[in-house]
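Me: Please go through some features of the structure shown here, one at a time.

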Amino acid sequence: MFARIRTAAVWGLFGVLATLVGIAAGHLVSALLVPSSSPVLAVGSAVIDATPTPMKEWAIRNFGSKDKTILVGSVLIVVLLLSAVAGLLARRRFRNGAILQVVLVAVAAYAAITRPTAGAEDLVPSLVTAAAGVAALGVLARLAHGRRTASVPGAPTGPLAAEDRLESPVESPVATAAGASRRGVLIGAGVLAVLAAAMGEAGRAIRSFRARPEDITLPAAADPAPALPVGLDDKIPGISPLKTPNKDFYRVDTRLDTPVLSAADWTLRIDGDVENELTFTFDDLLDMELIERDITMTCVSNSVGGPYLGSATWLGVRLTDLLDRAKVGTKADQILSTDFDGMKISTPLDLATDGRDAMIAIGMNGEPLPRAHGFPARMIVPGLYGFISGTKWVTRLTLTTYAEETAYWTDRKWATDAPIKMSSRIDTPRALSQIDAGKQFIGGVAWAQQAGGIAKVQVRIDGGAWTDATLGPDVNNDYWRQWYYEWDAKPGRHSLAVRAVSGEGEVQSAVRADPFPSGSSGIQDIFVTVG
């Protein structure tokens with residue numbers, strides 16, 4: 001019985017190894033063609049689209065920026081488990097194992113080809129994955145069946161004989177051939193494992209090479225932002241820097257890869273309810289009047305006290321400058337923006353054109369947009385959550401109505417009109433941390449975009465009275481504001497809470513609300529231990 005179990009495990013590993021070879025081959029080919037057509041990524045993207053909103057929010061809340069890694073890992077685990085089944089089927093009849101492998105790849109192929117902008121080349125990685133996986137399984141099956149033992153007089157043949165050969169004692173004539181077969185299996189499996197690793201690494205290297213920043217020199221803004229004041233970064237350890245470095249800026253989107261687009265090939269089309277349908281190239285934007293603005297961006301999935309916000313200096317073309325050239329008609333009430341892969345986001349037209357500095361951004365913190373944040377260009381509308389205003393890799397703006405067309409998030413019942421809610425966050429000390437008694441600083445950031453900015457931040461210790469904190473520099477109404485409070489910390493367990501007051505006199509709401517469907521609200525209240 002143990003021998004049978006061990007042999008079954010070997011065949012299961014054959015299936016897994018063969019599938020890894022196929023996945024690595026498909027990964028390599030997709031890196032050369034269309035990265036998002038990689039079978040695992042294609043299935044993962046389909047899973048994201050099919051996942052109910054509450055489950056998505058749960059994943060973001062519990063796994064944070066690792067949610068995509070966990071998703072891809074989960075998809076891979078399921079695939080490998082089914083691959084082990086394919087290996088077991090191949091033990092009895094190779095054709096059955098090969099069919100299961102092809103079925104698995106067919107699911108990935110369907111996911112890749114049904115993407116909105118998919119073409120024939122998106123099928124190629126899946127076809128290569130299937131061919132490489134089946135071929136690898138065939139090699140392992142042939143080696144495991146030990147063709148050499150057929151010449152041994154009286155030796156059994158067929159799939160059952162493979163098990164006998166793998167378990168035969170060394171002294172028997174069959175075992176001599178089986179030993180050769182085992183060596184052949186080990187050598188063959190080793191070669192396939194090395195091949196899979198090499199192809200996987202080559203795919204990774206190619207993707208990394210293609211994703212490198214393009215050599216683009218951005219012109220100076222015709223309307224630059226004022227010089228950023230000195231923040232509290234060096235004064236209050238642990239507080240968020242006044243300007244978020246590009247590498248630290250949050251990223252929340254539905255992409256499992258980093259899209260690779262070329263500025264030379266990129267275009268932005270404006271159509272729909274307009275008098276002039278226009279197409280702009282990247283060079284066209286560079287030749288237009290550029291504005292530079294300091295703007296804080298927030299994800300609607302950000303929970304109270306959460307990490308999904310950041311502040312940067314953005315360079316771009318006013319959205320109204322582009323729309324004025326197109327001459328918007330009288331029927332449109334939304335801008336339906338589409339990214340390079342066909343994902344659509346809807347923005348209320350009246351909010352995008354009410355005088356705020358909405359733009360098609362091409363620069364971030366003095367550099368071209370990083371690929372992960374929308375290169376070559378993205379939308380930014382201050383004061384609105386990113387899911388209705390921050391389209392990355394944007395390629396089309398369609399002026400239409402909400403009655404005529406819906407977008408990705410509105411189809412999933414998220415809010416249509418979603419202004420960023422006033423909120424505040426404690427950066428230091430961390431929740432549940434242990435700190436020393438004596439002089440301590442409580443510090444963080446607060447924001448009240450399109451609501452007069454932050455006029456006051458207040459701190460509450462152990463449920464007592466609200467006390468004013470010291471504010472950092474006031475950049476503008478669309479930018480967060482640093483704050484701190486000097487606290488004489490006594491030993492014991494303490495609760496710390498923070499709230500903000502806007503320039504319009506509004507006090508941050510204490511009513512708790514989840515991110516879905518229009519953003520979270522409530523007061524952040526943490527516990528720390530003073531030793």
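The questions and answers below concern a predicted model.

Me: How are α4 and α5 oriented relative to each other, roughly parallel or roughly antiparallel?
Reply: Helix α4 spans residues 67-92 and helix α5 residues 94-113, and their axes lie 5 Å apart at an angle of about 160 degrees. Angles over 145 degrees count as roughly antiparallel. The two helices, α4 and α5, are therefore roughly antiparallel.

Me: How many nonpolar residues are in the contact of α4 with α5?
Reply: On the α4 side the contact includes V79, L82 and L89, and these and others meet α5 residues, among them F94, L100 and L104. By class, the contact has one charged residue, four polar ones and, as the number asked for, nine nonpolar.

Me: Which element supplies the largest share of the lining of the largest pocket?
Reply: The largest pocket holds about 850 Å³ of space. Its lining has 41 residues, and the closest to the centre are I60, V252, D253, T254 and W409. At least two lining residues each come from α2, α3, α4 and β3. The largest share, eight residues, comes from α3.

Me: Is W393 buried or exposed?
Reply: W393 is in the loop between β9 and β10, and has a positive phi near 50 degrees though not a glycine. Buried means under 20% relative accessible area. With 2% relative accessibility, W393 therefore counts as buried.

Me: Where is P517?
Reply: The peptide bond from F516 to P517 is cis, with omega near 10 degrees. P517 lies in the loop between β18 and β19.

Note on methods. Residues numbered from 1 in each chain as written. Predicted model: local features only at pLDDT ≥ 70, side-chain atom pairs only at ≥ 80, totals over all residues. Heavy atoms only, no water. Axes fitted to C-alpha atoms, helices over the stretch in contact; angles between N-to-C directions. Helix = DSSP H or I, 4+ residues; strand = E, 2+ residues; numbered from the N terminus. Parallel < 35°, antiparallel > 145°, perpendicular 65-115°, else oblique. Contact = heavy atoms within 4.5 Å. Nonpolar A, V, L, I, M, F, W, Y, C, P; charged D, E, K, R; others polar. 1 Å grid on protein atoms, 1.4 Å probe; cavity = no way out; pocket = protein on both sides within 12 Å on 5 of 7 lines; lining within 4 Å. Points joined across faces, edges and corners; volume = space filled by probe spheres on them. Buried < 20%, exposed > 50% of the residue type's maximum accessible area, 1.4 Å probe, protein only.
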